[in-house]
Amino acid sequence: MAQSWDDLRVFLAVARQGSLSAAGAGLTLDPATIGRRIARLEAALGAPLFLKSPQGYALTEAGERLFPHAEEAEQAMTHAEDAVRGQADRLSGTVRIGAPDGCANFLLPQVLAQIVSRHPGLEVQVVALPRVFNLNRREADLAIGVSAPTAGRLTVQKITDYRLVLAAARSYLATTSPIRTIEDLKGHRLVGYIPEMIFDKELDYLGSLGVERPALASNSVAVQFHMIRRGAGLAVTHDFALLGDPFLTQILPDAFGLTRSFYLIRHADDARVRRLSRFADLLVDGMRREMAKVREGLTGGIASDDAGHREISETGKGPVS
């Protein structure tokens, strides 16, 4: 039985990491040993569990069916160890989250810091990529998306709304013509996504400003954010990224703003994995609390200047100095 669990542990590592070498690094085993363990498990079960391709190891249908049961076994072993140590209420093990980089850079750090401080045995990995994650291929244990998928064996839960606003550095605005209407944007540099690399229709928003192609572009919203922070131009960015920032200010707050949503997306089979469900609850609660703080800061700490720019205080007591 111990040997069976050991092989399942190796199976989970390969499924999550996508390669023998990456799985071996996490388990401190060489790739050849990982390969032998997988071959032994496949022989015992009488079915191939992985398909090898240039992109790495992907689960077969048999591997997909085994995965949730292997996670249940992992959970049972974790609970047993925690019970012996008197830590049955603590989460432990590894959880991988796929998230768009705006959420990953500006919202998740403070949420996850609180979670891991209460659960020190938990290892959380954030894959911050501007694309849709394939949970069927186990690229992540759960994902945060900006739109709700309509296909696949997935469960979807709306987490919270957020706002996209127009912003620029005060240093940039001090050297350019005033922006009082949407029409005034025509004489300014716009920073945005590379049009051909927009991975979700919810992020295709520059058209609403009459802009077909931005002067400066990146597939990463974090790169866009730092471009405008350096005075490169204007950009549409997340309202929660602006909160407390000493360099940026919101532009045309009464004329432009888009409401978007974050969704928690999970594989349907993972509903049986108590550890992941508990983590998902903590993540959703944490993100909602953080966004409530953002809403409070935005409504309580706004001041407008004569040009219609809006500065946002982190404390909600006035504009940022």
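**Notes on the predicted model**

1. Asp-245 sits in the loop between H9 and strand E10 (248-251). Is this aspartate buried or exposed? Asp-245 counts as buried, because its relative accessibility is 7% and the cut-off for burial is under 20%.

2. Ala-241 is worth a look as well, and its place is in helix H9 (residues 239-242). With a relative accessibility of 8%, Ala-241 also falls in the buried class, since that class takes in values under 20%. Leaving out residues up to four places away in sequence, Ala-241 touches Phe-106 and Phe-225. Its C-alpha atom is 9.8 Å from that of Leu-164, although 77 residues separate Ala-241 and Leu-164 along the chain.

3. The largest nonpolar core has 62 residues. Ile-144, Leu-166, Leu-234, Phe-262, Phe-279, Leu-283 and Met-287 have the most contacts inside this core. As general background, nonpolar side chains in soluble globular proteins tend to be buried together.

4. Which residues does Leu-166 contact, leaving aside neighbours within four places in sequence? Among them are Leu-185, Leu-209, Leu-234, Ala-235 and Val-236. Thr-249, Gln-250, Ile-251, Leu-252 and Phe-256 are also in contact with Leu-166.

5. How many cavities of 30 Å³ or more turn up in a search of the whole structure? The search finds one. The largest cavity holds about 60 Å³ of space. Its lining has 13 residues, and Pro-100, Gly-102, Tyr-193, Leu-203 and His-238 are the closest to its centre. Helix H5 (residues 101-106) contributes the most to this lining, with three residues. By class, the lining of the largest cavity comprises 10 nonpolar residues, two polar and one charged.

6. Finally, the overall picture. The chain contains 10 helices and 13 strands. It has 321 residues, of which 50% count as buried. Among contacts in the chain with a separation of 6 or more, 74% come from residues 24 or more positions apart.

Note on methods: Residues are numbered from 1 along each chain as its sequence is written. This is a predicted model: local features need pLDDT of at least 70, side-chain atom pairs count only at pLDDT 80 or more; totals for chains, interfaces and linings use all residues. Side-chain values use heavy atoms; hydrogens and water are left out. On a 1 Å grid over the protein atoms alone, a cavity is a set of points where a 1.4 Å probe fits but cannot get out, and a pocket is an open set with protein on both sides within 12 Å along at least five of seven lines; lining residues have an atom within 4 Å of a point. Grid points are joined across faces, edges and corners, and a volume is the space filled by probe spheres set on the points. Helices (H or I, at least four residues) and strands (E, at least two) are DSSP runs, numbered from the N terminus. Ala, Val, Leu, Ile, Met, Phe, Trp, Tyr, Cys and Pro count as nonpolar, Asp, Glu, Lys and Arg as charged, and the others, Gly among them, as polar. A nonpolar core is a set of buried Ala, Val, Leu, Ile, Met, Phe, Trp, Tyr and Cys residues joined through side-chain atoms within 4.5 Å. Buried means under 20% relative accessible area, exposed over 50%, partly exposed in between (1.4 Å probe, protein chains only). Contact means heavy atoms within 4.5 Å.
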